[in-house]
Amino acid sequence: MPLESLLFALPAQLAPTLVAALLGLLVGSFLNVVIYRIPKMMQRESDNYVAQESGQPPPHTDRFNLTVPRSACPCCGHRITAMENIPVISYLVLGGKCRKCKTPISPRYPAVELFTAIVSGLLVWTFGSGAMGMGSLLFAWLLIAMTCIDYDTQLLPDDLTYPLLWAGLLINLNGTFVPLQDAVIGAAAGYLVLWSVYWLFKLATGKEGMGYGDFKLLAGLGAWLGWTALPTIILLSSVVGAIVGISLIVFAKRARDKAIPFGPYLAAAGLLTMLYGAQLGGFTAGLLG
């Protein structure tokens, strides 16, 4: 693009990018709630089901979802006020501690908010503020939540993987990212590839190498980015996962038989492929000959 055109385009491009980054801060705050509460919601549901099957009263009868009860300090129960819940700023003002009991607050909360803001701005800068840009935001927000949940619990909840899958197919009805046919094949192939790897590994070793959530996550990525993106996503996530896994064993003395969640690497590879698919696709094709 000529310099003159770039200078004229920059202000128009900058405003929606900044709005997207600000929106990302707010959404990042909500994603922290999602990351914390969805695993607890799943555990409570499981506890109630087990109790019902054994004829016992359910242990959890109070309402607990993404909006109820209000956020509170897990140590002293102090209810978080609106002024204490401003993304990043409240963390800095409070010095990273609860206002009442002074218990340290995990720095991951502002980190998730900042990362979501940066990624949101980058996506709107890249894809604009139309259907492609708005779709890419939903894509990234779901992946950020799944990454943190899988890292914490080694679970990829259906409440997140299925919306990713169906949203990918719906947004590609008009070929927003890829033709619908490529999206459908990508969803099916993404699931079947890891499903096949899972069973081959289990038959060979008698162990489970990954969870069913990984199949659904790759199916969702295939629905958004099409089947042609799958080799890039699989190769990139496998290489990074192997490097991180070996590093943890060598430097952090992590036990070799301790499971490492694969979802974060799939999510990172999917996001990078959305942003830099052409470059990464060429690199993958070169490696595969």
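Which helix gives the largest share of the nonpolar patch? In this predicted model, that share comes from helix 6, which spans residues 180-205 and contributes 4 residues. The patch as a whole is formed by Leu192, Trp195, Trp199, Leu203 and Tyr212, and its nonpolar surface amounts to about 520 Å².

Tyr212 belongs to helix 7, the element that covers residues 212-225. With a relative accessible area of 38%, Tyr212 counts as partly exposed, because that class lies between the limit of under 20% for buried residues and the limit of over 50% for exposed ones.

The patch thus leads on to the packing of the helices. Two packed helices are described by the distance between their axes together with the angle between those axes. Helix 7 takes part in two such pairs, listed here with their computed values.

| Helix pair | Axes come within | Crossing angle | Handedness |
|---|---|---|---|
| Helix 6 and helix 7 | 7 Å | roughly 155° | right-handed |
| Helix 5 (residues 158-171) and helix 7 | 7 Å | roughly 20° | left-handed |

For helix 6 and helix 7, the crossing angle of roughly 155° is over the cut-off of 145 degrees, and the two helices are therefore roughly antiparallel to each other. For helix 5 and helix 7, the axes cross at roughly 20°, which makes helix 5 roughly parallel to helix 7, because angles under 35 degrees are placed in that class.

Methods: Residues numbered from 1 in each chain as written. Predicted model: local features only at pLDDT ≥ 70, side-chain atom pairs only at ≥ 80, totals over all residues. Heavy atoms only, no water. Patch = residues over 30% accessible without salt bridge, like charges linked within 9 Å, V, L, I, M, F, W, Y side chains within 5 Å. Areas by Shrake-Rupley, 256 points an atom, 1.4 Å probe, with all protein chains shown as cover. Salt bridge = Lys/Arg side-chain N within 4 Å of Asp/Glu carboxyl O. Buried < 20%, exposed > 50% of the residue type's maximum accessible area, 1.4 Å probe, protein only. Axes fitted to C-alpha atoms, helices over the stretch in contact; angles between N-to-C directions. Parallel < 35°, antiparallel > 145°, perpendicular 65-115°, else oblique. Left-handed = near helix turned anticlockwise from the far one by under 90°.
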